[in-house]
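Open your viewer and get ready to select residues by number.

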Amino acid sequence: MAAVPEPTAAAPEGSARVPREFQRSLIDNLTAALLSASPPPCLLRSPTGSGKTFMLTRVLARVSAAQPVLWLWFVPYVNLVAQTVDAIDTDAAESGLKAESLAMALNEEPAAGLVLTSTVQGVASAKARKSGYTSSEDDARRSLAAYVARARAAGLKLGVVVDEAHIALDTTTEFGQFVHWLKAEFLLMATATPKDARLNEFVANAGYGAFETFNVARADVVAARLNKAWLQAVVYDLRQSMQGVTDLQATVLRRAWRRNQQIERELRARGLGTVPLMLVQVANGDEAIKLAYDFLLRELQIPAHAVALHSADEPDPVMMAAIANDTSQQVLVFKQSAGTGFDAPRAFVLASTKPVNDADFAHQFIGRVMRVAPELQRRFPVAIDVPPELDTAYVFLANAEAQSGFAQAAQAIQGMRSELAGQIEQLVVRPTALGGVALTNRPTAQVPLSWDLGLLATRAADGQVTPPEPPPVQPAGAFAEVPPGSTPSLFGAGGDAGELDQPLPAEGAASEPGSSSRTPAAPARSRAAPATRDELFAALREAQIHPLPRRARVAARAVPDHFVTEVQPALQTLAMDVSAAATALPIDAALLANAVKAALNRMSEKEIRTELFTGSVTEEDVQVITDQAQLLERTQDVLGDLGLDEQDAVDVIQALSNRLLDAVEQAWALQDEGQRPPAQALRGQARQAACWVIHKRFAELQELLHAQWAERAAEQPAQPLPDALLLPATLTLEPSRKNIYGVHYPQPGAVASARETLPPDTRAWFRSETYVLAGSADVVGVACMDATFEFNAPERAFAQALDRADFVEWWHRNPQGKPYSVALLRGDSKNLFYPDFVVCLTHVPSEVPLLRLIDPKHDTKDAARKSLHTSRYYGKVLFLTRDANRFKIVEEDGSLGDVVDFDDLGRLKAWMRASQPVVQSEFTGA
């Protein structure tokens with residue numbers, strides 16, 4: 001086989017002297033297009049690292065050799081101005097061009113072959129445009145308009161170069177109008193992305209309806225040994241228990257550094273002297289730089305002189321170039337300054353702790369690690385001969401979602417095809433669904449009559465065109481403004497506002513989006529405050545609201561005006577149980593092992609490596625770093641949510657750490673004496689292990705604490721029962737012989753539907769309220785019926801069975817969450833539990849009836865959890881559940897017990913007799 005000639009040029013952009021084959025073709029074709037009779041706007045699409053600056057410089061040199069041209073070269077960032085000047089000057093011997101900053105050259109004489117560089121923002125401003133680009137002129141400075149006029153007077157043509165166009169053209173409209181004003185004979189753009197809507201918008205605003213593109217495929221750049229063949233994104237798939245408590249930033253830094261070291265070993269094994277540079281991109285803020293720097297030195301033991309920092313938002317090109325060439329420095333920590341224009345072919349690994357979801361932004365960082373070091377180009381001139389581990393760029397991501405930006409960028413690069421001869425892209429207008437317009441392009445072989453005819457969709461009959469403008473945004477429909485005011489009262493004097501079961505807006509307020517007005521309701525008729533309950537109830541009925549008075553006695557048995565409810569015990573009672581719960585918490589062998597691993601940063605998780613060009617995925621279990629500070633903070637938060645104060649939380653953690661200290665010490669037993677941490681550090685690791693146990697077994701610890709606290713539940717009177725329940729008069733209910741309000745409650749949704757039938761001027765009064773009767777201190781409390789009173793079919797069947805049972809004196813539907821309801825503490829959580837029925841029944845003939853609680857349940861597991869606590873006052877709650885067409889008692893372990901026949905509640909009575917409460921002696925039933 002014939003020997004392959006060694007390349008004569010180095011890889012870094014701008015340093016090549018002999019063009020590669022694809023570069024030579026592009027230079028020839030771009031030059032031919034610009035020197036044609038009607039030069040089109042030209043766009044060079046080429047991957048980062050392919051030598052775009054070098055190719056553009058050679059094109060400018062050839063065009064300048066044929067015609068007198070003054071060039072204006074625009075870049076996105078200030079640091080790239082000086083960098084571009086240096087790159088052009090480096091190639092000046094071959095190109096004959098001279099580069100200078102536009103801002104510095106305005107007072108000099110324009111000349112052919114001069115390349116003036118500036119940022120897009122330096123010329124694109126509404127103020128400059130409105131002044132005709134003369135706003136910067138003063139006694140000591142020539143304006144841009146004056147400079148352009150001198151160039152035209154000297155017979156010079158103008159050429160515009162937009163480098164890194166996918167970034168530079170953020171201000172597409174303003175910069176496009178500047179280029180339109182300039183009327184340059186040549187427009188040359190370069191981008192690293194295959195498609196970009198901003199390019200289309202800029203070209204349209206610059207007054208062009210089409211442009212010609214010259215594309216370079218990644219395969220050509222790889223074959224020329226200017227780009228690495230592979231790009232691997234590395235993310236971490238965390239189990240749920242590790243999410244939020246894994247220090248992914250530290251893990252990424254550690255794993256990326258190990259990869260960098262492995263690459264260095266591979267280079268040394270092949271006798272290569274290239275020193276790989278690891279790039280570390282952190283989030284904004286000086287603290288992020290400091291944290292990364294401290295970790296690299298303290299945990300990874302990287303010498304301080306080997307870590308370079310660039311904390312400035314704007315890059316320093318001199319400093320960046322020094323870092324790229326200083327092989328004593330092996331790590332560069334930066335925020336975003338290395339994203340563009342940083343030329344360090346020895347970079348193989350990028351560790352990003354910052355989310356990168358934008359494909360264009362990600363594309364820039366891919367370019368930093370895709371270049372090939374000159375030594376590797378010389379050693380491996382043919383791409384297929386390169387060892388894969390030295391021909392792969394690695395991007396380690398602390399945020400898995402950030403991979404989307406890199407994946408999109410890689411797909412875009414991979415999808416670019418070589419079209420070295422150029423393709424015409426005609427701009428067209430596509431209406432959007434929201435009434436706007438989108439500019440799109442498509443390759444075509446049809447050469448336009450003129451490149452500056454504008455968009456075809458907006459061309460006038462006389463051929464004059466202007467770029468299309470999106471239609472103005474229509475203002476959204478206004479909402480009616482309603483003056484603030486209090487909810488109207490049924491009576492002129494009003495009453496004291498009580499609990500609002502269903503807070504309702506005042507009538508007249510807009511309720512539907514887009515409505516511009518609404519007719520306010522007629523004011524309610526005012527009446528004198530009622531003197532008696534009868535007058536109050538009569539007024540409510542007149543408002544089509546039906547009151548259901550609470551019965552004082554049912555079947556000769558008195559109905560209490562309030563019930564007994566439970567509240568949490570006092571804090572001093574809670575403190576007694578904290579250490580006991582921590583000591584009783586079960587810790588199995590697997591939990592113990594993982595707790596120690598978490599404390600010692602030895603937990604293993606999946607590292608997912610995706611080759612972004614081919615889509616191939618590999619996985620490996622690797623050790624990750626636990627975020628001990630986050631784990632402790634979460635532990636303190638969840639313990640605080642339990643009601644523990646700071647000292648109680650410390651006691652829980654300490655009690656558990658005492659149990660785990662031996663296991664932590666054993667984990668270090670096989671280490672050399674000098675590697676074992678001191679005793680204080682071991683105790684700290686035991687506390688971290690304790691936090692892991694709480695993190696994993698919080699539900700069990702919560703149950704232990706709440707079970708103990710529930711046993712010390714405090715009993716106190718609930719608020720008085722409503723004197724009447726309110727319901728819309730259109731809702732008819734079935735009467736009940738033993739319900740304390742005399743009815744069976746409606747089916748789900750019935751109350752809300754009936755409420756809508758109320759006249760608008762009275763609907764707002766369907767609410768809970770306390771009325772003070774005129775002329776006396778007597779008050780009447782009413783509550784509107786809501787969804788918590790409603791019955792499903794099994795509940796209605798059970799209520800009807802209670803009506804029929806001779807041992808039931810009366811029953812009450814216990815609504816959820818009302819201040820007058822019966823609430824019980826749960827033994828498994830801090831939530832309160834509201835049993836569905838309060839039933840007064842005779843357990844044994846001739847004995848005083850007692851109050852009991854019954855709850856028909858769908859979920860037997862929920863019933864088992866709620867039964868962990870037994871009320872001293874009410875005794876055990878009877879849970880019933882439906883099994884096929886029968887109802888069965890739910891046992892304490894959640895299993896199903898005996899059948900309860902609704903035709904004969906004898907089994908229910910027997911269960912109640914066997915579980916009588918022992919402290920309910922206050923209620924006599926007399």
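Rings of Phe, Tyr and Trp (its six-membered ring) pair if their centres lie within 6.5 Å; planes under 30 degrees apart count as stacked, over 60 as edge-to-face and the rest as tilted. The structure holds 19 such aromatic pairs. The model is predicted, so local features need pLDDT of at least 70 and side-chain atom pairs pLDDT 80 or more, while totals for chains, interfaces and linings use all residues. Residues are numbered from 1 along each chain as its sequence is written, and side-chain values use heavy atoms, without hydrogens and water.

**Stop 1.** Select Tyr133 and Phe178. Their ring centres are 5.2 Å apart and their planes stand at 70 degrees, so this pair is edge-to-face. The two residues are 45 apart in the chain: Tyr133 is in the loop between helix 6 (126-130) and helix 7 (144-153), Phe178 in helix 9 (residues 172-182). Helices are DSSP runs (H or I, at least four residues), numbered from the N terminus.

Tyr133 is buried at 4% relative accessibility, and Phe178 is buried at 0%. Buried means under 20% relative accessible area, exposed over 50%, partly exposed in between (1.4 Å probe, protein chains only).

**Stop 2.** Trp181 is partly exposed, at 31%.

**Stop 3.** Select Arg602 and Trp668. The charged end of Arg602 sits over the Trp668 ring, 5.2 Å from its centre. This requires NZ of Lys or CZ of Arg within 6 Å of the ring centre and within 35 degrees of the ring normal.
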